[in-house]
Amino acid sequence: MAHAQPELTKNQALVFGSLSDAGGPLTAYAILDLLRENGFRAPLQVYRALDKLVEYGMVHRLESLNAFVACSHKGCAEHGTAAFAICENCGDVSEFTPDEVIKLLKEWTQAEGFTLARTTIELRGTCRDCISQPN
């Protein structure tokens with residue numbers, strides 16, 4: 001069942017818009033720089049908005065990059081799992097849903113009595129475009 005998009009505050013909407021427009025991951029400080037003319041003065045303003053957007057499933061934190069990316073598909077808030085392929089050459093980030101992996105993780109957590117809050121899987125390597133381009 002799809003949930004309605006939450007009502008965003010002005011700051012949340014601005015942060016989400018900057019991530020959506022970026023087409024790739026941004027650090028909180030890069031977002032702050034983009035939004036200074038909109039009245040953002042402190043990193044805390046960005047981090048508060050990001051925390052809520054992550055909670056809503058609209059934004060994901062990429063731990064290995066210490067950056068954030070707008071969700072590229074609906075339903076992340078429902079399944080709590082996001083997976084990303086990150087090209088170490090060009091920086092491209094592709095979000096995907098690894099259904100088999102999610103199934104295995106759910107089976108393991110149930111067997112272990114572990115309550116899973118959320119999962120982020122990050123694959124690091126080289127994308128198809130970079131592999132096919134001659135040096």
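Strand β3 (residues 81–87) is largely enclosed by the rest of the structure, because six of its seven residues are buried (under 20% relative accessible area, with exposed over 50% and partly exposed in between, for a 1.4 Å probe and protein chains only). This is a predicted model, in which local features need pLDDT of at least 70, side-chain atom pairs count only at pLDDT 80 or more, and totals for chains, interfaces and linings use all residues. Residues are numbered from 1 along each chain as its sequence is written, and side-chain values use heavy atoms, without hydrogens and water.

Strands (E, at least two residues) and helices (H or I, at least four) are DSSP runs numbered from the N terminus; two strands pair if DSSP finds at least two bridges between them. β3 runs parallel to strand β5 (residues 119–125), to which seven bridges join it; Ile86 stands opposite Arg124 in β5. With strand β4 (residues 93–96), β3 pairs in the antiparallel sense over four bridges, and Phe84 has Glu95 of β4 as its bridge partner. Five residues lie between the strands in the hairpin of β3 and β4, where Gly91 takes a positive phi near 85°.

## Packing around helix α1

Axes are lines fitted to C-alpha atoms, for helices over the stretch in contact, and angles run from 0 to 180 degrees between N-to-C directions. The axes of helix α1 (residues 10–22) and helix α3 (residues 43–55) come within 9 Å and cross at roughly 80°. This makes α1 roughly perpendicular to α3 (65 to 115 degrees; under 35 is roughly parallel, over 145 roughly antiparallel and the rest oblique). Contact means heavy atoms within 4.5 Å: Asn11, Gln12, Val15, Phe16 and Leu19 in α1 meet Gln45, Ala49, Leu50, Lys52 and Leu53 in α3.

α1 also packs against helix α2 (residues 28–35), at an angle of about 105° and with the axes 10 Å apart. The two helices α1 and α2 are therefore roughly perpendicular to each other. In this contact, Leu14, Val15, Ser18 and Leu19 of α1 meet Ile31, Leu34 and Leu35 of α2.

## The aromatic pair

Rings of Phe, Tyr and Trp (its six-membered ring) pair if their centres lie within 6.5 Å; planes under 30 degrees apart count as stacked, over 60 as edge-to-face and the rest as tilted. One aromatic pair is counted by this rule. The pair is formed by Trp108 and Phe114 and is tilted, at 6.2 Å centre to centre and 55° between the planes. Trp108 is partly exposed, with a relative accessible area of 47%, and Phe114 is partly exposed, at 46%.
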